[in-house]
Amino acid sequence: MRLMPWVYLVGSGRYGFGLTHPLDCHVYLVQGQGQYALIDSGVGLEVDAILRQVRDDGLDPAQISTILITHSHADHAGGAARLAQLTGAQVIASRQAAPTLRTGDMVASGARLGQQAGIYPGDYQLTPCSIAREVSDGDLINVGDIEFTVLETPGHCRDHLAFYARIEGKPSLFGGDSVFHSGRILIQNIPDCSLPEYSRTAQRLAALEVDALLTGHLTIALSGGHEHLQAAADAFQALRIPPNAL
Ligand SMILES: [Zn+2]
């Protein structure tokens with residue numbers, strides 16, 4: 001589904017648009033010149049449905065050269081190994097997420113807790129995935145003519161990244177599970193969720209120029225993204241906790 005020039009939504013589950021497997025996060029395809037990037041990979045239980053979306057949009061999955069992972073939670077990272085295998089893409093993740101993804105660590109990724117909470121099926125396994133490149137804050141990732149800047153954005157979990165790019169001049173933030181539409185956040189009862197870190201992340205994101213706010217779930221803002229980031233920052237600034245997304 002084409003969202004804006006050079007950006008397509010090719011995966012989205014029950015907390016989104018129901019395009020693909022219900023447990024998939026939003027999966028974006030960014031069409032750089034001659035090469036495409038995927039942002040996140042869904043849960044991995046039905047990756048063919050994601051590739052079908054790519055083809056239905058008139059795009060060739062073999063052009064996907066890079067898969068950027070926002071964080072190690074299974075609904076975002078679970079499909080990476082299989083999608084990389086099917087497309088030949090390299091997977092890029094944060095320095096903190098890389099060991100978790102390489103080993104398919106069910107505990108560190110939170111997938112075991114998710115399973116115990118009934119979110120993931122009892123037989124779910126995070127597929128180990130080779131990580132071609134580990135990135136840190138400020139690193140640049142080039143995919144065709146698109147340049148993404150890596151932003152470390154802990155809070156929702158420790159290993160979280162957001163990716164910032166100007167796409168045809170439009171400042172765009174692929175925020176993962178950092179700050180959502182209407183200034184919502186996603187606090188969960190997991191060991192590496194941190195309110196103080198979330199607050200710093202929200203302040204930092206609100207300082208960016210953002211038009212398109214392309215989050216990991218729920219409503220997407222194709223313009224005016226900054227106001228949603230500012231709403232979360234304002235709540236934290238007033239010592240309140242922004243409303244929870246789920
Ligand atoms: Zn998450």
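**Notebook: a strand sheet and a helix pair**

I looked up the pairing of strand 8 and strand 9 (residues 146–152), which run antiparallel to each other over four bridges; strands here are DSSP runs of E with at least two residues, helices are runs of H or I with at least four residues, both numbered from the N terminus, and two strands pair if DSSP finds at least two bridges between them. I note that this is a predicted model, in which local features need pLDDT of at least 70 and side-chain atom pairs count only at pLDDT 80 or more, while totals for chains, interfaces and linings use all residues. Residues are numbered from 1 along each chain as its sequence is written.

The open sheet has five strands in the order 8-9-10-11-12, with mixed pairing. Its edges are strand 8 (140–143) and strand 12 (212–215), each of which pairs on one side only.

Next I turned to the helices. The axes of helix 1 (residues 47–56) and helix 3 (residues 80–87) come within 10 Å and cross at roughly 50°, where axes are lines fitted to C-alpha atoms, for helices over the stretch in contact, and angles run from 0 to 180 degrees between N-to-C directions. The two helices are therefore oblique to each other, since angles under 35 degrees count as roughly parallel, over 145 as roughly antiparallel, 65 to 115 as roughly perpendicular and the rest as oblique.

For the contact itself, I recorded Val47, Ile50 and Leu51 of helix 1 meeting Arg82, Leu83 and Leu86 of helix 3, with contact meaning that the C-beta atoms, placed from the backbone, lie within 7 Å.

Terms used: Two residues are in contact if their C-beta atoms, placed from the backbone, lie within 7 Å.
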